[in-house]
Amino acid sequence: MTVEIGHYALVLALFVSILQGTVPLIGAARGQHRWMAVAAPASWAQLFTVSVAFAALTVAYVGSDFSVLNVVKNSHTTKPLLYKISGVWGNHEGSMLLWVLILAIFGSAVSLFGRNLPEGLKARVLSVQGLIAVGFLLFILFTSNPFERVFPPPPDGQSLNPLLQDPGLAFHPPFLYLGYVGFSMAFSFAIAALLEGRVDPAWARWVRPWTLAAWSFLTVGIVLGSWWAYYELGWGGWWFWDPVENASFMPWLAGTALLHSAIVAEKRDALKAWTVFLAIVAFSLSLLGTFLVRSGVLTSVHAFATDPQRGVFILILLIIAIGGSFALFAWRGPAIKAGGMFKPVSREGSLLLNNLLMTTATAVVLLGTLYPLFIDALDLGKVSVGAPFFNAAFIPIMIPLVLAMAVGPYLSWKRADLFPALLKLKFVFIASLAAGAMTFSMKEGASVLASFGIFMAVWLGAGTVWEFANRIKLFRASLGESLKRMVRMPRSMWGMSFTHFGLAVAIVGMIGAEAWKVESIQMMKPGETVTVAGWDYTFEGARDVAGPNYAALRASFTVRRTGEDEIFVTLRPEKRVYTVSQRPTTEAAIHTTWLGDLYAVIGDPSEEIKGAFVTRLYFNPLVVWMWVGASIMVFGGLVSLTDRRHRVGAPKRKSGAVPAAAPAE
Amino acid sequence: MSKRLIYLLPLGIFLILAVYFAVGLTKDPRKLPSTLINREVPAFDLPAIQGFDRGFSSQDLMGQVTLVNIFGSWCVACLAEHPFLMELKKNNVIPIYGIDWREKTDGAATQWLERHGNPYTLVGDDRDSRVSIDFGVTGAPESFIVDKKGIVRYKHIGPIYPETWRDTLFPIVEELRKE
């Protein structure tokens, strides 16, 4: 019964979204207030109906209703409750439902916080949101219905892919989708602006909080995915340039560019067409990400729903959405008037440089991801593009970006002098040179690349802190004056300092994990000791243990610092076989320290020697810095989101714009 | 006019992409090129791994029945079959040619072979997968039996254990030696 209610609610949601996608749009074009007024209630109705559908599916999962095909395929009675719930979106159909739910949440957030948006803009934004929902609801109902029944119901389900039964991954898709779908807000605003033929600073101020929120969520999603790969796949790697990873990384890169260009559009009324373009690109890449993962045009280790029929549907959807909006852009874009002028060396110039590098990086990742597809489509054979290409093409773009990132905030708007700005950074430069030199003179693992990486991280990190200190006149004015300046500093500036500093911290982690990783693979008998990067790992043997829905082999390693008797930590990696699917997973045991992670994985038993196992022991230096750095970045994004101008009415502009919308938080 | 063209550019690029997607949908990315069973080995000439004098080429496989083994120092399952390959080498059962696949660092394979022993007659470095893809490799370890005329006759996926060798691979090798 609940399942039918869910199904009907979803059909109802489709009709509501058709209404939401058409009536207010027509109303806005004709200037009819009543028609435009349909938008807000429709967005509430959509949130309600989609929530009912989502709740119905969740009930089916939690209650293990095996008359529902989707539950049969992805759940099992013995699964822990958390994974019964996360199983709702751990599969293709359910994840699409989550997508639409998040879209509905964002849509109603516009109704809630956008009371002071101009009537026409609000109606158009909500209509575009409605149209996106129409596409996705049609897709769900016709090709991926999660409410399909199965008769006769089997006694138990087939369980969720055990790799996905993990706390990190339970929350990875929701955050990723909050990011993807969040960019739909910027997109809807861009389309609405093109339809209205007006892009002004007030418009940019409305777009920015939504983009910031989406960017922060997407960052969390990507980091959760990377963290999961790091501890679950058992290779000690954290980024593989896999198509699915790239699919989430491209919108992030474009979104980062959008965040920065929106600043220029808001403060200086410049780069407006470009900002609109980036808003379309960021969401298009989100859609493309969905397409790449779901349609099967690219193989990937974790494409969990591949079906050409769905692919055709999504392709048509993409052509309408992306092709349509680019056509609109080509038609109305040239009418957007360019605003404030600026010199190449200026704050605007540095933000534009950020944009150019970010979009180039996006294009590189897009090219690398799609290259196998191009070659295959041209019948030139099958190729795969791996990390060597991406590292060789992506990192050189990031180097000038990071170098310029420390300088940009010192430049003033309109026109600036590069030399005085660089002069202000002389101590930072000396410090980063010293850090690079120290890295290069290390006893072990000194390399030019790693030293340069550390140089860049210190350059960015110290440069950001130094700029912050300058801004509050630390040590130059009285302490009280500095404190006062700190309190008065806009939250968006705080946000910038945090995110830039966070990136510096994360770069240190990336350099460490890539340059100084130590690994050792061997066969070990119980009692045997292997030394890895100054740590003695003694294999104490392995035994069988039983989990709630798996059987596991649990090994035990006592770890001591070389030369010491005291046990530093005991690591217990596992190899699990999930009872229902019979699929094995490795559970690495990780002990994190600020200097690096002690990481142990247990492999296959020896054929000849009883009790001996293949073991993989790693020392992954500075990995935690990556997670901490990324967390600081997200925190910075959230701080910026609470900026005063997003919370209260911004000063009126001569264009007569009304006060800004509040953010989604 | 030129300004308008710039604004048309994104649409144009996207439409080209869309055509590729449409063609891509008609293809199955999982279907790898048919493995080379009963076909000649692809012509190749692999360089040596660090510390070795020479690699090997498809010519080296001619005139004898050989086992071509795909391995890598990063591959755990390769370690599982390694003791048995060493045994084959010790007893002079069959010449084994190793293709060192997707190695990331110079010398990793050399160290690996020093530590665990070298069962190979010759080893070639295939870090960019060029030859392995021609062979239709899907993972490591994988082994191919090549006959005297250089034709691939059998492909074994996964580690070779004594039982698989005794029951499956060795009978094929014996058969081919008679040809």
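Of the 180 residues in the largest nonpolar core, those touching the most other members are A:Val100, A:Ala186, A:Phe189, A:Val276 and A:Ala279. Such a core is a set of buried Ala, Val, Leu, Ile, Met, Phe, Trp, Tyr and Cys residues joined through C-beta atoms within 7 Å; a residue is buried if 20 or more other C-beta atoms lie within 10 Å of its own, exposed if 12 or fewer, and partly exposed in between, with C-beta atoms placed from the backbone. Helix α10 (residues 201–232) of chain A gives this core its largest share, 19 residues. A second, separate core has 37 residues, among them B:Ile70, B:Leu79, B:Leu85 and B:Trp112.

This is a predicted model, in which local features need pLDDT of at least 70, side-chain atom pairs count only at pLDDT 80 or more, and totals for chains, interfaces and linings use all residues. Residues are numbered from 1 along each chain as its sequence is written, while chains are lettered from A and ligands numbered from 1 in the order in which they are written.

Chain A holds 22 helices and 10 strands, taken as DSSP runs numbered from the N terminus (helices H or I, at least four residues; strands E, at least two). The radius of gyration of chain A is 27 Å, close to the 26 Å that the globule rule gives for 665 residues, so chain A is as compact as a globular protein of that length. Here the radius is taken over C-alpha atoms, and the rule is 2.2 Å times the number of residues to the power 0.38. Of the 665 residues of chain A, 53% count as buried.

Helix α9 (residues 172–196) of chain A has 25 residues and reaches 37 Å from its first C-alpha to its last, close to the 36 Å expected at 1.5 Å a residue; the expected span is 1.5 Å times one less than the number of residues. Because 22 of its 25 residues are buried, α9(A) is largely enclosed by the rest of the structure. Just after α9(A), A:Gly197 takes a positive phi of about 75 degrees.

Turning to chain B, an open sheet of 6 strands runs in the order β1-β8-β7-β4-β5-β6, with mixed pairing; two strands pair if DSSP finds at least two bridges between them. Its edge strands, β1 (39–40) and β6 (122–126) of chain B, each pair on one side only. Strand β5 (residues 96–101) of chain B runs parallel to β6(B), joined by 5 bridges. B:Tyr97 has B:Leu122 as its bridge partner in β6(B).
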